[in-house]
Amino acid sequence: MAERIEQRLEDRVPELEQLERVGLFTRREIRAVLRKASALEYKIQRRALRKEDFINYIQYEINLLELIKKRRARIGYSFKKDEIENSILHRVHSLFNRATGKWKEDVQLWLSHVAFCKQWNAKHQLSKVFSSMLAIHSNKPALWIMAAKWEMETQLSSESARRLFLRALRFHPECPKLYQEYFRMELMHAEKQRKEKKAFEQAKMDLGEFNYSEEILNGEMARIIYRDAAQKIKGVEFHLAVLSIAKLFDFTQDLQKEILESLQAKYADDPLTWDYMARRELELGSLQSTGHTTKQMKVSEMTQREERCCAVFEEAVRAVPTEDIWKCYITFCLERYNRKTNSEDLKQKRLERTLSVFSKAHESSLLPEALYKQWLQLLLESNLFEKATEVAEAATKRFSLSLETWQMRLQVLIQLKSDEVTQCFEEAVKHVKSKVCGTLPLWTLWVEWSEGTNSKEDTEALYRRSLHATTPAESVTMKEKYLDWTYRNGGYKKVKRVFTSLCENRPFSLDFFRKMIQIEKEQECCKMLHLREYYERALREFGSTDSDLWLDYIKEELSHPQGKPENCGSIHWRAMKMLQGDLVEDFVSKYTLLQTGHL
């Protein structure tokens, strides 16, 4: 091993001598490089190889290359690159090859080598890397696409890219993304040939020696790919994806027409098909508009285009009346309404259209639950408060078990300061069963509303009612909120009575006790007797699972004017008995810090 390392270090000598000779590095820096290289070499020559050692070595060599690049720029020296950089580049490739040979499954390692080759323009080496990587990771379509794109865009070799795509499709015959990118590549190749041919024709050159196939120029290869893919890949999404790619090229009108006809024939009832056909009317309008137009003419034209879109959607909801179709229609209307326009008339028409579509979907009982919220927001923004109240009520009738829908209705009524809020809360807790989704959000909203609206007596009665109406787990939160509200509105004596009464019914949270401890400490006459009571109650519930609670109790005895430091020993002994598992060790280490004054 030592001989091999010595040989590899000797191989570095010519490049290091050149670095010193041309003034890029000093003799001291050269010695530092050798020391570091020696240490890195030893690590990658051991029997038990570690991936991190290779990565660190590669990163060091890359940093060295970057430093040389900066030094060259600073002194303006650009010679001897073969003797210096090429030697380092060769070593980095060798390190990457060893690493990827050892850890073949690590895709990130392969991609790092790819990135390095691209950065240093090592085209020949990159071709080999892609070949080796794809032989091992042939199950990853994204890597095939990356390799094919490099061949097409960097190497300008459509033939190599085509071969890669065809090989990839043998491994992944039903991968939509592969077909899409292969389809795109063939159209890019056709476009490139069309431009070449046009340039030659403009230069009046003889095209006899160039073989430009009319079929390729017209995108016939892409059509073959599409037809092959359409037989294997089902779903409207793929057709729409290739259609959007075809639309990027101005010579694909016939191809677009074929894809569109296939889409309508195979997926006539799919909401995405109708959505595309409707939105297409906007583009068709923009293609037809030419010449000088005034602001009023533009508004009128936009209105007509949007009306044509809506006519298609209206046909869709008659032909295929489903929630998904209505969702597409409403989404389109909301998008148009949210678009900025200086025309108040157009804005108003969009609003009226959107509200009308919401109403129609609702009347058909096909408005999805999630869209009621958007409808209500729009009504409230438009100051249509009475209609908003009606819609909210209708939503809770249709989705009577939905917690979110009841919350939505209640928030509308609260916002409008309605007299029906209490009645609505009563209906909500009656319909929404605890076992289904929990009623805690309803009770939280109710008591928060009551705090700002009702008398203290009514709010307290509501808090007490919530403790029995919610599940035991939910009542924990309500106890915390009740305690906090009582202190804010009734003062110390009141909160102490409430705390004592609440302690009669489990379960509790640690924050419930900590809140009471904090309240006691805020009093001018903070009594240690009371603090002990709260800590003891808390420890009965959480003494086996919370080491910090014991430590805080000890700190309190040490720091409080009425504290008894002699109690700390017994508290420590009890903690050691009650705490479970690793918490004992945690407690001991923190207690030691406390004794030494570091905690």
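Colleague: How many helices and how many strands does the protein have?

Modeller: The model is predicted, and the elements are DSSP runs. One of the helices is α19, which covers residues 385-398. The count for the protein is 30 helices and zero strands.

Colleague: Is the protein spread out or a compact globule by its radius of gyration?

Modeller: The C-alpha atoms fill a box of roughly 100 × 80 × 45 Å along the principal axes. For 599 residues the globule rule gives 25 Å, and the radius of gyration is well over that, so the protein is more spread out than a compact globule. The radius of gyration is 37 Å.

Colleague: What share of the residues counts as buried?

Modeller: The protein exposes about 32800 Å², of which carbon and sulfur atoms supply 50%. A residue is buried if its relative accessible area is under 20%. Of the 599 residues, the share that counts as buried is 46%.

Colleague: How far apart are the mean positions of the positive and negative charges?

Modeller: The protein has 97 positive and 90 negative charges. Lys and Arg supply the positive set, Asp and Glu the negative one.

Colleague: Is T396 buried or exposed?

Modeller: T396 is found in helix α19. Its relative accessible area is 2%, and the limit for burial is under 20%. T396 is therefore buried.

Colleague: Which residue has its backbone oxygen 2.8 Å from a polar atom of the side chain of T396?

Modeller: Leaving out residues up to four places away in sequence, T396 touches T405, W406 and R409. The backbone oxygen at 2.8 Å from the polar side-chain atom of T396 belongs to E393.

Colleague: Which peptide bond is cis, with omega near 0 degrees, at P507?

Modeller: P507 sits in the loop that runs between α25 (472-502) and α26 (510-521). The cis bond leads from R506 to P507.

Colleague: Is L156 buried or exposed?

Modeller: L156 lies in the loop between α7 (141-153) and α8 (158-171). Phi of L156 is near 55 degrees, a positive value in a residue other than glycine. Its relative accessibility is 56%, and exposed means over 50%, so L156 counts as exposed.

Colleague: What is the relative accessible area of K417?

Modeller: K417 is placed in the loop between α20 (403-415) and α21 (421-431). Phi of K417 is positive, near 50 degrees. K417 is exposed, with a relative accessible area of 71%.

Notes
Residues numbered from 1 in each chain as written. Predicted model: local features only at pLDDT ≥ 70, side-chain atom pairs only at ≥ 80, totals over all residues. Heavy atoms only, no water. Helix = DSSP H or I, 4+ residues; strand = E, 2+ residues; numbered from the N terminus. Buried < 20%, exposed > 50% of the residue type's maximum accessible area, 1.4 Å probe, protein only. Polar contact = N/O pair within 3.5 Å; in protein donor to acceptor, adjacent residues only side chain to side chain. Contact = heavy atoms within 4.5 Å. Rg over C-alpha atoms; globule rule 2.2 N^0.38 Å. Areas by Shrake-Rupley, 256 points an atom, 1.4 Å probe, with all protein chains shown as cover. Charge placed at Lys NZ, Arg CZ, Asp CG, Glu CD.
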